[in-house]
Amino acid sequence: MAKLGGVAGIWLDDHACVEAAAKVRAAGFKKFDAITPFPVHGMEEAVGIKRSWIPYVTFAAGTLGLASGVALQYWTSAVSWPINVGGKPFFSGPAFAPVMFELTILFAALFSVGALFAACRLPKVDPPVIDPDLTSHKFAIFIPENDVGYNAERCEQLLKSLGAVETKRISAY
Amino acid sequence: MSEASMNMASEVARKPLILGNKTYKDISDDICEPVEAAPGKRWLALLLSAKGLFLFYLIHIAIVVSTGMGLLGVNSPIAWGTMIITFVFWIGIGHAGTLISAILFLFRQKWRTSVARSAEAMTVFAVMTAGIFPLIHTGRPWLDFWLLPYPNQRGPLWVNFRSPLLWDVFAVSTYATVSSVFWYVGLVPDFATLRDRAKTKIRRLIYGALSMGWRGSARDWAHYEMVYLILAGLSTPLVLSVHTIVSFDFAVSQLPGWHTTIFPPYFVAGAIFSGFGMVVTLLTLVRIGFPKFKDYITIDHMEVMNKIIMATGLMVGYAYGSEFFIAWYSGNPYEQYAFINRAFGPYAWSYWIMVTCNVIIPQLFWVKKFRRSIPVMFVVSIFVNIGMWFERFVITVTSLHRDFLPSSWGMYEWSWFDTAILSGSFGMFLTIFMLYLKFVPAISIAEVKPVLYVGRQRPGGH
């Protein structure tokens, strides 16, 4: 998300914004985005966003957590300093299950949130504000200037015809 | 919400989740108001009283740490006392928050959105409060880093991974980390709302930093919703594992009254029971403090939680009965004695307080009028809190005070410091909770908006 200009249209109703997004997509735009105060049902399909890839990170991190749980307990209890506790085997599988489980969850959760921050490119310092009410009660569609067939006037007309109450030329997105 | 589900909703005549014909802007205004307005006198008075109690707590912890654990009532047969009892109590309280925020999310319970934020805040603060007790209970808290498996110069000598107490270290610290992260992820969009509403530069800076520059683009929301679902899915087995592992602290020993297989489900049910008791206590107070929140946390919300209190109370009651049955059925004289001693021995008073508060009093909620009465539910929830503290007291003290050998029997020597530490922990919890109410939106703004039109016609006929 380099400094990118474009045109934004603003809606007051979430359903109208979703319908407009679907039509902007039908008009051939590919890189446009919607900005909403809450996750609007159906917006992903309307904008044409693919399913998030984060679950793969979760799975890999969970597996890594499980492996570290096994490795940590095996190495400390059976290799580095094996101690006979009540005649139990040095590698006491069932007794090691709780820590393996907790580390699986811990790794999976932390890496998923880390992946979320990476995917959304957070933290952002002073992101450009199209309209301060977009985190409260307004909904926007933004068409960047590098999108297929971009033309500022035509985009403004399109957004207005789809019911935008306001359109804005944006110099930085 | 899609057309189809809207139609279905009108067919079953669903009650609105949010009252007062709000718009999206009203929601932002109402929920941000306590955070943006100048603090009221009542809030300040409550904060200062809670803080006073917190200071009292810190002083008594300092005395106990500098003098020694002997100031508490712990002694030779009863080596686990107030510290462990109150630890289990506070950890249990936290469980309801995760149940609401994670398990009810997976079950698509839309009513959870109004109460999830505060319930989860309660989880985080209760776990913080709980975490202090085992650390002090070690007797030499400045050596608590020995609980962690870190490379050291003593061999290296490692922790014993076969001990349930060590499992607890991992379970509780994972629980604290994951619930804090889950809570924070939920807060990010709301911090962005506060940032964009900020009137002063410093406010904009602080909430801007907390929101990490969140913008709410559709691509971000797609990832966000996925991570929220993943965290809910991870927290669900996690919360069940935490109280299971806490119960292992008892169940893995061979003491009569502790060494039973019913402990994990019994502890988890009790934890959810006590946690909902605390959620109801806190939310009745929040509704009084912020009258506008009554449109969001409605009587219907409170009633649903009271139903859960009654259901989990019955599960706990079943566990009490089952323990007695199994003690008799096992034919083990030590086990049988442990339970007869619980109900009729020198600590019978605590056992019957527990049964009265946890099993008998919640039966009031069979009556719809009582389920929907704020004064009744407040009083019942206080009794649930008292009863669940006594449950842990009964489990810990009655089993320890008379074990196999009558020559080693004894009584818990309750002292002033036990009282101070127990009551003071509420000071810590309430101080953090009061600060939370002032600085963080106490209802999830971004989660409440999508359920605004449940049970209500959308303007424009959608």
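Strands here are DSSP runs of E, at least two residues long, and helices are runs of H or I of at least four, both numbered from the N terminus. This is a predicted model, in which local features need pLDDT of at least 70, side-chain atom pairs count only at pLDDT 80 or more, and totals for chains, interfaces and linings use all residues. Residues are numbered from 1 along each chain as its sequence is written, while chains are lettered from A and ligands numbered from 1 in the order in which they are written.

**Stop 1: the sheet of chain A**

Two strands count as paired if DSSP finds at least two bridges between them. Pick out Ala8(A), whose bridge partner in β4(A) is Lys168(A).

Is β1(A) mostly covered, or mostly open? It is mostly covered: 6 of the 6 residues of β1(A) are buried. Buried means that 20 or more other C-beta atoms lie within 10 Å of the residue's own; exposed means 12 or fewer, partly exposed is in between, and the C-beta atoms are placed from the backbone. Colour the two faces of β1(A) separately. Gly6(A), Ala8(A) and Ile10(A) are on one side, Val7(A), Gly9(A) and Trp11(A) on the other, and all are buried.

Next, select β2(A). It pairs with β3(A), residues 139-144, in the antiparallel sense over 3 bridges. Ala34(A) stands opposite Ile141(A) in β3(A).

Show the whole sheet. It is open, has 4 strands in the order β2-β3-β1-β4 (chain A), and its pairing is antiparallel. At the edges are β2 (33-35) and β4 (166-170) of chain A; each has a single partner strand, so one side of each is left without a neighbour in the sheet. On average, neighbouring strands of this sheet are turned by 25° against each other, direction ignored. Axes are lines fitted to C-alpha atoms, for helices over the stretch in contact, and angles run from 0 to 180 degrees between N-to-C directions.

**Stop 2: helices on the sheet**

Contact means that the C-beta atoms of two residues, placed from the backbone, lie within 7 Å. Then select α5(A), residues 152-161. It lies across β1, β3 and β4 of chain A and runs at about 10° to β1(A).

**Stop 3**

Go to the loop between α4 and β3 of chain A, where Arg121(A) has its place. Arg121(A) is not a glycine, yet its phi is positive, about 55°. It is partly exposed, with 13 other C-beta atoms within 10 Å. Pro123(A) lies in the loop between α4 and β3 of chain A too. A cis peptide bond joins Leu122(A) to Pro123(A), with omega about -5°. Most residues other than glycine have a negative phi, and most peptide bonds are trans.

**Stop 4: where the chains meet**

Show both chains. 54 residues of chain A are in contact with 53 residues of chain B. Which element gives the largest share of the side of chain A that touches chain B? That is α4(A), with 15 residues.

**Stop 5: chain B**

Chain B has 16 helices and 0 strands. Its C-alpha atoms fill a box of roughly 80 × 55 × 40 Å, taken along the principal axes. Buried residues make up 47% of the 462 residues in chain B.

Select Ile61(B), in helix α3 (residues 41-67) of chain B. Ile61(B) is buried, with 20 other C-beta atoms within 10 Å. Leaving aside neighbours within four places in sequence, Ile61(B) is in contact with Ile136(B) and Ile421(B). The C-alpha atoms of Ile61(B) and Ile136(B) are separated by 8.1 Å, though the two are 75 residues apart along the chain.

Move to Arg108(B), in the loop between α4 (82-106) and α5 of chain B. Its phi is near 55°, a positive value in a residue other than glycine. Arg108(B) is exposed, with 7 other C-beta atoms within 10 Å.

Finish at Pro156(B), in the loop between α5 (112-137) and α6 (164-197) of chain B. The peptide bond from Gly155(B) to Pro156(B) is cis, with omega near 0°.
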